[in-house]
Amino acid sequence: MNQESDNILEVRDLKVWFPIKKGVFARTVGYVKAVDGVSFDLKRGETLGVVGESGCGKSTTSRAVLLLNKPCGGTIKVDGVDITKISGKDMLAYRRKVQVVFQDPQASLNPRHTILEILTEGMIYHGLLKKEDRRAKGVELLESVGLPGDMLDRYPHEFSGGQRQRICIARAIALKPQLLICDEAVSALDLSIRAQVLDLLADLKKKLSLSFLFITHDIGVVQHVADRIIVMNKGKIVEQGPTQEVLKNPKEEYTKYLMAAVPKIGKPLV
């Protein structure tokens, strides 16, 4: 751990460009600059909201932090370590520190595995849990996200969308991460269920001392979850700062456009 820094995540001049290929020989004729020179910090225990419309680069940024999209430039430091240069045991340690909750819980869960297998396989793989203890741990994880412990032998299709997202959250916190990335994690849920999941995340943040990178197209969600906000458009950061400051006094027309409709849901994670 980097004892000298208050930041769990440091991104500098991040670039993720996708080549445009044409012709018989598939020559590169240009690039889609999905993320183009993005820099930001995320402090320990903080929630940083990244907001913008579809195609603005926010999810590509989060996928770069997860190493699902390979950066073509810049650095990404997690706990002081540049993750773009790691491998082997360092990669394994990184995977424990950073977990993710995606938008579609049904697609995130293996339909052939029971909830017990889904929740505990990562812990067993990382050597954090013995197989004989997996059921007790599974019960603990389910109850931590507000679900009954007797559901462990069921399969994902037997749950509602909101319940499946709670299971995804339980799986994410099982490895005791320091950073949790929520990539449109509530956008597919009904408003009432969305508020409940946001409340759950608020409680878990306090209990587990988590840091959040919260990706969403809904600036109404961001105002309730984020300490600070980044507004992205066309692969770049166009505005950033403390959430309430940005929302009360937006300087960019794009931010004002996003604020056209701001629903009131959930309670702050702060």
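Mentor: One term before we start: residues are in contact when they have heavy atoms within 4.5 Å. And keep in mind that this is a predicted model.

Trainee: Okay. Which residues of α5 and α6 meet?
Mentor: From α5 you have Leu141, Leu142 and Ser144, and they meet Ile167, Ala170, Ile173 and Ala174 of α6. By class, that contact has 6 nonpolar residues, 1 polar and no charged ones.

Trainee: At what angle do α5 and α6 pack?
Mentor: About 120 degrees, and their axes are 9 Å apart. Angles of 65 to 115 degrees count as roughly perpendicular, so α5 comes out as oblique to α6.

Trainee: Is that crossing left-handed or right-handed?
Mentor: The crossing of α5 and α6 is right-handed.

Trainee: And how do α4 and α5 cross?
Mentor: Helix α4 covers residues 115–125 and α5 covers residues 134–144; their axes come within 9 Å and cross at roughly 110 degrees. That is why α4 and α5 are called roughly perpendicular.

Trainee: What sort of residues make the contact of α4 with α5?
Mentor: There are 7 nonpolar, 2 polar and 5 charged residues. Among them are Glu117 and Glu121 of α4, and Arg134, Arg135 and Lys137 of α5.

Trainee: Switching topic: where is arginine 63?
Mentor: In helix α1, residues 58–65. With a relative accessibility of 30%, arginine 63 counts as partly exposed.

Trainee: What is arginine 63 in contact with?
Mentor: Setting aside neighbours within four places in sequence, arginine 63 is in contact with Leu68, Asn69 and Phe102. Also, aspartate 183 is 120 residues from arginine 63 in sequence, yet their C-alpha atoms are 8.9 Å apart in space.

Methods. Residues numbered from 1 in each chain as written. Predicted model: local features only at pLDDT ≥ 70, side-chain atom pairs only at ≥ 80, totals over all residues. Heavy atoms only, no water. Axes fitted to C-alpha atoms, helices over the stretch in contact; angles between N-to-C directions. Helix = DSSP H or I, 4+ residues; strand = E, 2+ residues; numbered from the N terminus. Parallel < 35°, antiparallel > 145°, perpendicular 65-115°, else oblique. Nonpolar A, V, L, I, M, F, W, Y, C, P; charged D, E, K, R; others polar. Left-handed = near helix turned anticlockwise from the far one by under 90°. Buried < 20%, exposed > 50% of the residue type's maximum accessible area, 1.4 Å probe, protein only.
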